[in-house]
Structures are given as structure tokens and as C-alpha cells.
Amino acid sequence: MTGGRVAVVRGCLDELGSAVVRRFAADGTALVLAGGVDDRSGLADLAAAAATVVEVVTGDLDDPATARRAVDTARERLGRLDHLVDLTVASTVDHRGDAPPVPALDAARAALLPARRAYFFASAAARGLRAGGSIVVSLPPSTFASAPASAAVHGAMTMLVRSFALELAPYRVRVNGVLPGLIETRLVEAWPDDEPSGATAVPLGRAGRPDEVAEAIAFLLGEDASFMTGSILPVDGGLTATAPTSRRPAGPGADTRSDHQTSTRRPQPTRST
Amino acid sequence: MAAPWSFDGRVAVVSGASGGMGEAIARRLAADGARLVLMAADGDAQALEAIGDDLQADGHEVRLALGDIADPATSRAAVHAAMEGFGRLDYVVNNAGIYPERPLLDETAEFYDRIFAINVLGLQSLCRAAVPLMTAPGGAITCTASTCSLRAIERYAAYNMSKGAVLQFARELAVQLAPRGIRVNIVAPGVISAPATDEWTRDASVWSKQRSRIPMDRIGRPTEVAAVTSFLLSDRASYVAGATVMVDGGESSGWRDSDWSVVPQGDPAPRLRSVGGVA
């Protein structure tokens, strides 16, 4: 990321999003911050505090027109579009111990919306990026959520990265993914340290900082990663390099035939974007 | 070829059974001793009925369930047919899927939604309807994914995403259902014989390009996908859960960068000699 460039960032209303905005601002990159209708005031606050030129675009994220409007805003108001950063996080819909393993159609469709929204933004960016531009999407974890419908988002996003990388390569547009692990946010502060998936499960022994993920995103977007496309970069302190320690608390599980799940789940981070 | 084991009257629901891999799976499971509920879209009713008649003429017990798999009622009806008709449900083969081709920049929201409605949400609806009634322990599910679950092909972006979703959904479902004794596995076919792919082999200019990405130098047969599906459902795979089995002639492992018209076939020794290697 260098000065004079323009990026669209979606899904920036959390610590990671703030870190990405700071990282862009440090390079003098102008931004279009995109979000849902309910995100307007939060994005306005973020824009006011950002040390760079910022436009805010909000709308129905389930309508591809909102993504197109964000891209048009970059091109018309800020003159160009170099990057898209899509900070997709899957909402985890059925982590309760008594939830059925497969949700009803409406819930299953809702669980897939993060991938659909990312697809809209990537598609809009594909039509509006400069040659030589780049896209980075963040992926939700594949198994951590312990909900099949949410794991599906990880799979869809994986193939979004690879499909868009393949098909936009002739335009010299690179597409990569970042796979954050346990990152310090308000959501994870509530987790007890002795939870199997808490910080003790991370080989580096701590949660990551949002700026560490933002730095990886900046790297993938920029010229240092000029031969990287279709890659998915874990930024997780080694979490994906290892098998998780026991995900089940001791005790239940002896009689498993009548239960949908054998473990109670810790509270899960949820986010609608 | 009949299997050296028998499903012994256990009951399987197979979606997308009116042709191609689904038909081959249906015929294989019947030959292996399963009783079947075969599903297909309304538009494929004639083909499905012909397969059903054919199997019944051979003495197999078959029920049919027609309808759009994007509608959960279709899956509920199929599961109902198994429970009403046979009194049990042991296996589910999630094979239904569509693979429309379109350049990325021509894709639309409607295009994406239709693919996901069938390939991802339809599959989930069948699982949701079946799982509470399935034999447990001892039941098994297969989900037909694709080499495109892992590696993209051009002009199939939304399809690739849908198959990526199927793969990860099925893996997580395997984790969820394993404690109950229901195994879930993924079959990932590569290029399998169908009207569209058969065209490739007939056109020498197309095939000379396509064949280099398939180390086995041929497209696969639907029966070869059926054989793997049957194995994964059977008790011979009793400790296999959450596995992704590629049935792709080696395609996902690498490709041969060769002009096949000049590749020496057979014994490599003459080539080794010609470059001074061991004889």
C-alpha cells in the first residue's frame, strides 16, 4: 500500500477493521468504507477519526447494487480503485449444545450470506479495479465454529479466492486470502484462558493483535506480494499448523445416540457482515 | 461388478439419480443389495422412471421421489418414502448438483443463487431431513464434491465456490455426526464421462489440451465414482469419516506437461538409454 492509492474496505467495524484503516491511512491510501445500513454511524465515526480521505457507502449488503455503488464511489469520487479488502466473518448460528447439526433452510441461507456478500464485493471490484490492482478477503476458520453451515462459508471463500485469482489473472489483478486465528478483540476477551481453543492452544502462546493481521493484509495487497495470487495466508500463531487439543470437555459423550452434539460450546463470536 | 459385501436390504436415498454419476451410484448400490429411494428433478422424471423400472425388473426394491431439491419439501418426501416404504434409512448419497458455465464477469446474483440453492442448500436440506431418522450407529452419508472444491477452473467461479462450501460443510458435518456413529465422507470426482465431457474426447484439438491435466490420460467412468461411493458407505470403510476421496485420475495431484502425440508410451528404458541413464 503506497500513497495515492484508493481502496474499498468492507466489514471494518471491529478492531481488525480499525487496524486495517490505520494501516491504510499510514500509507496515505484514500478509502471507501462500506457497510450495512446499520453501520452508517459507526463508519462515520471511523471516517472522522481516520487520518486519510474517506468516503462512506452503506446499503443493503444482500443487494449487489451496494457493492457496485462502493466501487463507483471510489472511481468517481476518489478517481481510481486499487484494492478491495473484504473482512468477512461468518456468523456462527448453531453453537448451542442442543442445536441440530443442520439448520433449517432460512438459517442455512443466512449462514451463507457472508460468502454471498463477499462475492458481490469481489465481483464489483473485478469490474472496477485498475489493472495491477489486488483483492484480499479474510476467511472465517473452517472448523473452529463447529457449525457445518458456517464451515461452508470457509469453503466458499477459499474457492472465491482461487476462482477470482484464476479468472482475474489476465487483468493482472491478484486475489489472496488471509486466515486470522485467535485475535484480540472485544469478542475474545470474554473467553477463559483455559478454554481448549483459547490462547493456550496457540503455539505462540498468545492471541494475535489486530495490527498483525492488518500488516499481513497490507503485504498481500502490495508489490512485495507481486507473484502471489490465489494464496491463503494463515495469521494465527501456528494454530492451523497443529491439531486442536480436545475440543470436548470431559464428561458427556458416553451416550451419544440421542444427542445431536456431545459438547456444550463456548460463546462464539458473531457478526453479521 | 458385484461387491464382496452386501448392503443386505439396507436403505439408501440417492439424489440426482436420473443420469450420469447418480444413475451409476443407484445401479451399483442396488447391485450391492441396497433398497433405494431415487431422487431427481421433475424435468428428469422420464429418465428416473426408466431407471426405476429397469432396476425393479431386475428384482430390486426402488421408490422414486421427484421434485426440486432446492425445496426442502422434496427431501422430506424422499426421506418419508424411505421410512414409509422400507421402514428404515441407512445411507444418503448427496449427488444432485448443477454446473452451469459462465465467465466470471458475466455472472449475476441470480446465477450464483441458483447454483447455491441446489448444490449447497439442497444438499443441506436432504441432510437435515435424513439425519434424525437415519440408522445410528451404522448410517453413512456421502457428499459429491468436486476437484473444483479445491482447485478452481475457469468460467465456473460460483460453481467452484459452491463445491468449496460442500466440502467444508461435509467435513464439519462428519465431525458433528461421528459421535452418533454416522459417518460422512466426501467424493470428489474429476472429469467424468457425460455428454459434455464426451465431446472433449471426440474433438482431437480439445482433447489434446485437456488430457495433459489428467495423468491417467482418460476421463473417468460414472461407475468408477459409484464404486468409491459404495465403498465409503459400506462397513468396509468403518473408520473413514470426514475423508475427501478424489476420483480424478490423478488430476488434483499434478499434470503432465506433454505433447501426447510425441510422448513415448510403455517401457521407459529406451529413453533412459538415449540420455545416458541406466539401461
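A salt bridge is a side-chain nitrogen of Lys or Arg within 4 Å of a carboxyl oxygen of Asp or Glu. By this rule the count comes to 24 salt bridges over all chains. The model is predicted, and its scores are ipTM 0.86 and pTM 0.87.

**Confidence**

- Chain A has an average pLDDT of 83. In chain A, 78% of the residues score at least 70.
- One stretch of chain A, residues 246–273, has a pLDDT below 50. This stretch still has 70 contacts in the model beyond near neighbours in sequence.
- Where pLDDT is low, the predicted coordinates should not be read in detail.
- Chain B has a mean pLDDT of 91. In chain B, 90% of the residues reach 70 or more.

**Where the two chains meet**

- How many residues of chain B are in contact with chain A? The count is 46 residues of chain B, in contact with 45 residues of chain A.
- The area buried between chain B and chain A is about 3600 Å². Carbon and sulfur atoms give 64% of that area.
- Which three residues supply more than any other three of the area that chain B buries against chain A? They are Leu104(B), Met161(B) and Gln176(B), with 18% of that area.
- The rule finds 10 residue pairs in polar contact across the interface of chain B and chain A, with both residues at pLDDT 80 or more.
- Helices α4 and α5 of chain B each supply at least two residues of the side that touches chain A. Helix α5 of chain B covers residues 157–177.
- α5(B) gives the most to this side of chain B, with 13 residues.
- By class, the side of chain B that touches chain A has 28 nonpolar, 8 polar and 10 charged residues.

**The salt bridge between the chains**

- Across the interface of chain B and chain A, the rule finds 1 salt bridge.
- The partners are the side chains of Asp113(B) and Arg116(A), at 2.7 Å from N to O.
- Arg116(A) has a relative accessible area of 15%. Buried means under 20%, so Arg116(A) is buried.

**Salt bridges within a chain**

- In chain A, the side chains of Asp211(A) and Arg209(A) meet in a salt bridge, at 3.2 Å from N to O.
- Asp211(A) counts as partly exposed, at 38% relative accessibility. Arg209(A) is partly exposed too, with a relative accessible area of 36%.
- Salt bridges that share partners join Arg206(A), Arg209(A), Asp211(A) and Glu212(A) into one network.
- In chain B, the side chains of Arg28(B) and Asp32(B) meet in a salt bridge, at 2.9 Å from N to O. Both Arg28(B) and Asp32(B) are buried.

**A buried leucine in chain B**

- Leu126(B) is found in helix α4 of chain B, which covers residues 109–130.
- Why does Leu126(B) count as buried? The reason is its relative accessibility, which is 0%.
- Leaving aside neighbours within four places in sequence, Leu126(B) is in contact with Val13(B), Ser15(B), Met39(B), Ser75(B), Val79(B), Val92(B) and Asn94(B).
- Leu126(B) and Glu154(B) are 28 residues apart in sequence. In space they are 29 Å apart, C-alpha to C-alpha.

**A buried asparagine in chain A**

- Asn176(A) is found in strand β6 of chain A, at residues 174–180.
- Asn176(A) is buried, because its relative accessible area is 0%.
- A polar atom of the Asn176(A) side chain lies 2.9 Å from the backbone nitrogen of Ser231(A).
- Leaving aside neighbours within four places in sequence, the residues in contact with Asn176(A) include Ile135(A), Val136(A), Val137(A) and Val161(A). Leu220(A), Met228(A), Thr229(A), Gly230(A) and Ser231(A) are also in contact with Asn176(A).

Technical notes
Residues numbered from 1 in each chain as written. Chains lettered and ligands numbered in written order. Heavy atoms only, no water. pLDDT = per-residue confidence, 0-100. Contact = heavy atoms within 4.5 Å. Helix = DSSP H or I, 4+ residues; strand = E, 2+ residues; numbered from the N terminus. Buried < 20%, exposed > 50% of the residue type's maximum accessible area, 1.4 Å probe, protein only. Buried area = accessible area lost by both parts, 1.4 Å probe. Polar contact = N/O pair within 3.5 Å; in protein donor to acceptor, adjacent residues only side chain to side chain. Nonpolar A, V, L, I, M, F, W, Y, C, P; charged D, E, K, R; others polar.
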